Amino acid sequence: MTSRTDTGASRIVVGFDGSPCSERALKWAAGEARAHGARVEVICAWEPVTRVAPPFFVYADEEFEAEARSILDAAAGRVGADSPVELETKAVMAHPAAALIEASRGALLVVVGSRGHGGVAGTLLGSVSQRVAMHAYCPVVIVRADD
């Protein structure tokens, strides 16, 4: 007889950046979580960068974190209103792909949009979704944009 420890397998991880594609991915993940009795872990990540812009304003990491929290709070409110699912949000200072790959350890599934805010228009798959698909520790679902 073997015993099973909680590995977080009842957790679906979603990459979220506020883009329309990530909104669709979050809605899809919430539906999947309801169907499987899983909780949803929504991650909004940003790279640790300090920028200087005219006239010499410095945007520190705290401002990026505040923006990520704002994006996550709004998303959680919309998903919570649409469907009863346990939702946890995380703002993470890391490259988005690295944060999602790390979060995939022990997860049931990782869900990402096919394209986020960055990248080259017209490509079929963004760099984050491609990296997550290649390196995640669990299955990955890539939700296409509503074209």
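A residue is called buried when its relative accessible area is under 20%, exposed when over 50% and partly exposed in between (1.4 Å probe, protein chains only). The model is predicted, local features need pLDDT of at least 70, side-chain atom pairs count only at pLDDT 80 or more, and totals for chains, interfaces and linings use all residues. Residues are numbered from 1 along each chain as its sequence is written, and side-chain values use heavy atoms, with hydrogens and water left out.

In helix α3, the buried residues are Ala-97, Ala-99, Leu-100, Ile-101 and Ala-103. These buried residues pack against β1 (11-15), β2 (39-46), β5 (87-93), β6 and α4, contact meaning heavy atoms within 4.5 Å. Helices (H or I, at least four residues) and strands (E, at least two) are DSSP runs numbered from the N terminus.

Helix α3 (residues 96-103) packs with helix α4 (residues 127-135) at an angle of about 30°, and their axes are 9 Å apart. Axes are lines fitted to C-alpha atoms, for helices over the stretch in contact, and angles run from 0 to 180 degrees between N-to-C directions. The contact is made by Pro-96, Ala-97, Ala-98, Leu-100 and Ile-101 of α3 together with Val-128, Arg-131, Val-132 and His-135 of α4.

Val-110 lies in strand β6 (residues 109-113) and is buried, with a relative accessible area of 0%. Residues up to four places away in sequence not counted, Val-110 touches Val-13, Leu-100, Ser-104, Val-132, Cys-138, Pro-139, Val-140 and Val-141. Val-110 and Gly-15 are 95 residues apart in sequence, with a C-alpha to C-alpha separation of 7.8 Å in space.
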